[in-house]
Amino acid sequence: METLLDRLLRHAEVRPDKLAAAFKAETMTYRQLAGSILGMGFVLRGIGVHPGDRVAFSALSKPEMIVVYLGVQACGGVAVFLDKNAAPQSMAAICEIAGASLLLTDKPLHYCPGCTHGIIHRLVAEAIDELGIEGRTIG
């Protein structure tokens with residue numbers, strides 16, 4: 001069965017320079033979108049997201065949200081949508097119930113050293129720094 005990701009990647013091959021996503025002045029072609037999605041999947045695999053892992057995320061409805069959603073699928077993960085307006089406590093509760101191994105958000109959250117998810121925060125930050133994508137990340 002063909003997935004949304006399969007279809008988008010096929011469009012990137014056939015229509016690479018066509019507009020795929022837009023938000024205000026921000027635009028992405030199918031080539032750019034596919035590259036970003038596959039890159040996100042690579043980063044997620046690199047920080048330990050395995051097939052079947054649940055990855056929770058919250059983001060504005062813009063191209064980056066598409067990248068995260070399909071990037072999770074590209075590495076075999078299961079995307080768990082969170083309300084972008086939810087309080088951090090609500091997000092944490094949903095992550096716990098869903099069994100999410102990672103939370104990606106564009107909402108500023110307090111880093112809490114010593115907690116059980118602190119190592120994931122550090123690994124994500126290190127991966128972002130190593131790839132030099134800090135200006136294009138969500139969360």
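These notes cover a helix pair and a group of aromatic rings in a predicted model.

1. Helix H1 (residues 4-14) and helix H3 (residues 63-74) have axes that come within 10 Å and cross at roughly 105 degrees. Angles of 65 to 115 degrees count as roughly perpendicular, so H1 is roughly perpendicular to H3.

2. On the H1 side, the contact involves Leu4, Leu5 and Leu8. On the H3 side, these meet Tyr69, Leu70, Gln73 and Ala74. Sorted by class, the contact of H1 with H3 has six nonpolar residues, one polar residue and no charged residues.

3. Three aromatic pairs are found in a search of the whole structure. One of them joins Phe57 and Phe81, whose ring centres are 4.8 Å apart. The planes of these two rings stand at 50 degrees, so the pair is tilted.

4. Phe57 belongs to strand E3 (residues 54-58) and Phe81 to strand E4 (residues 78-81). The pair therefore ties together parts that are 24 residues apart in sequence. Phe57 has 1% relative accessibility and so counts as buried.

5. Tyr69 and Phe81 form another pair, with ring centres 5.1 Å apart. Their planes lie at 25 degrees, and the pair is stacked because planes under 30 degrees apart count as such. Tyr69 is in helix H3 and Phe81 in strand E4, so this pair ties together parts that are twelve residues apart in sequence.

6. Tyr69 counts as partly exposed, at 26% relative accessibility. Tyr69 is also among the H3 residues that meet H1. Through ring pairs, Phe57, Tyr69 and Phe81 are linked into a cluster.

How values were computed
Residues are numbered from 1 along each chain as its sequence is written. This is a predicted model: local features need pLDDT of at least 70, side-chain atom pairs count only at pLDDT 80 or more; totals for chains, interfaces and linings use all residues. Side-chain values use heavy atoms; hydrogens and water are left out. Axes are lines fitted to C-alpha atoms, for helices over the stretch in contact, and angles run from 0 to 180 degrees between N-to-C directions. Helices (H or I, at least four residues) and strands (E, at least two) are DSSP runs, numbered from the N terminus. Angles under 35 degrees count as roughly parallel, over 145 as roughly antiparallel, 65 to 115 as roughly perpendicular and the rest as oblique. Contact means heavy atoms within 4.5 Å. Ala, Val, Leu, Ile, Met, Phe, Trp, Tyr, Cys and Pro count as nonpolar, Asp, Glu, Lys and Arg as charged, and the others, Gly among them, as polar. Rings of Phe, Tyr and Trp (its six-membered ring) pair if their centres lie within 6.5 Å; planes under 30 degrees apart count as stacked, over 60 as edge-to-face and the rest as tilted. Buried means under 20% relative accessible area, exposed over 50%, partly exposed in between (1.4 Å probe, protein chains only).
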